[in-house]
Amino acid sequence: MITRTQIPAVLDHPVYDATGSKIGEAKHVFVDDVTGQPDWVSVRTGLFGASESFVPIHDAALVEDHLEVPYPKGKVKEAPNVDVDAGGHLSAAEERRLYEHYGINWDGTLARGDADRDRRADAAGLAGTAGTADARSDALAGDDAMTRSEEQMHVGVEQREAGRARLRKYVVTEEVQQTIPLRHEEVVVEREPITDANRGAALSGPEISESEHEVTLHAERPVVETETTPVERVRLRTEEVTDEQTVRGQVRKERIEADLPDDESDRDR
């Protein structure tokens, strides 16, 4: 069970369920109107802490730097909605709905409250302590303390379209060159003297005559052909890159000053 002296250690600290799942952040502690003991804690849940759910604090425990409650995360997030800013007080109807949601006997709670009233007639004298810890209840409304509030800036992120990329295939013509060897035939005139070996062939024809002899020359020429060959596959994909950006905003804060007579100021110092 959380005591009044532990309230500052609860506020603005994480709240976990019994399985170790984080539910949210503790924002307000509501105390019993008569006993002044912590009764409920409101847990800010959802995106950017947009909603608050109430959890009984009777069986909760402080574990290191967080509060642990014996209820599953889903049970807490499904708790009946309560207007936290409606005067800082839970009505009987709201409290009954919360007790029913968490399976707590409402009649037993009332009987316990009556017994506490008999035992704790001086509970109202403790109201100022809980008030400094931002606990809100009718038990705290009758004191002379002034509550100072501040605005807090919560910065989140949203995903939006930043542009589009596409693949487009088109054809271009390029000039290419390649050097290759080409062979060709050339005429070479050979002369040989008359010898005993070729004399017979030399004297086989007429002594004096005219004649022609033709030789076909051959040459290689380049032949160009093209073929289509796949060279690579191209696709688009996205990857996530994290950058840092400084976000500035304005928040309002309340300040409290005391105007005291000079003699009282001297005594305070």
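Mentor: Let us start with a term we shall need: contact means that heavy atoms lie within 4.5 Å. Please keep in mind throughout that this is a predicted model.

Trainee: Which strands does helix α3 lie across, and at about what angle does it run to β3?

Mentor: Helix α3, residues 92-101, lies across β3 (38-45) and β4, and it runs at about 80 degrees to β3.

Trainee: What is the overall order of helices and strands along the sequence?

Mentor: The protein chain has eight helices and six strands, and reading along the sequence gives the pattern α-β-β-β-β-β-β-α-α-α-α-α-α-α.

Trainee: How do strands come together in a sheet, and in what order do the six strands stand here?

Mentor: In general, strands of a sheet pair through backbone hydrogen bonds, either parallel or antiparallel. Here the six strands form an open sheet with mixed pairing, in the order β4-β3-β2-β1-β6-β5. Its edge strands are β4 (51-56) and β5 (61-63), each of which pairs on one side only. On average, and ignoring direction, neighbouring strands of this sheet are turned by 40 degrees against each other.

Trainee: Which residue in β6 is the bridge partner of Val63?

Mentor: The partner of Val63 is His66, and β5 is joined to strand β6, residues 66-68, by three bridges in an antiparallel arrangement.

Trainee: How many residues stand between β1 and β2 in their hairpin?

Mentor: There are five residues between β1 and β2, and Gly20 in the turn has a positive phi of about 95 degrees. Three bridges join the antiparallel strands β1 (residues 14-16) and β2, with Tyr16 opposite Lys22 in β2. The hairpin of β2 and β3 has six residues between the strands, and there Gly36 takes a positive phi near 75 degrees. These two strands also pair in the antiparallel sense, over six bridges, and His28 stands opposite Ser42 in β3.

Trainee: Is strand β2 mostly covered or mostly uncovered?

Mentor: Strand β2, residues 22-31, is mostly covered, since eight of its 10 residues are buried. For the protein chain of 269 residues, 23% count as buried.

Trainee: Which residues form the nonpolar patch on the surface?

Mentor: The patch is formed by Met153, Val155, Val247 and Val251, which together have about 320 Å² of accessible area. Val247 lies in the loop between α7 (199-202) and α8 (262-268), and Val247 counts as partly exposed because its relative accessible area is 44%, between the cut-offs of 20% and 50%.

Note on methods:
Residues are numbered from 1 along each chain as its sequence is written. This is a predicted model: local features need pLDDT of at least 70, side-chain atom pairs count only at pLDDT 80 or more; totals for chains, interfaces and linings use all residues. Side-chain values use heavy atoms; hydrogens and water are left out. Two strands pair if DSSP finds at least two bridges between them. Helices (H or I, at least four residues) and strands (E, at least two) are DSSP runs, numbered from the N terminus. Axes are lines fitted to C-alpha atoms, for helices over the stretch in contact, and angles run from 0 to 180 degrees between N-to-C directions. Buried means under 20% relative accessible area, exposed over 50%, partly exposed in between (1.4 Å probe, protein chains only). Patches are made of residues with over 30% relative accessible area and no salt bridge: like charges are joined within 9 Å, nonpolar side chains (Val, Leu, Ile, Met, Phe, Trp, Tyr) within 5 Å. Accessible areas come from the Shrake-Rupley method with a 1.4 Å probe; for residues, only the protein chains shown count as cover. A salt bridge is a side-chain nitrogen of Lys or Arg within 4 Å of a carboxyl oxygen of Asp or Glu.
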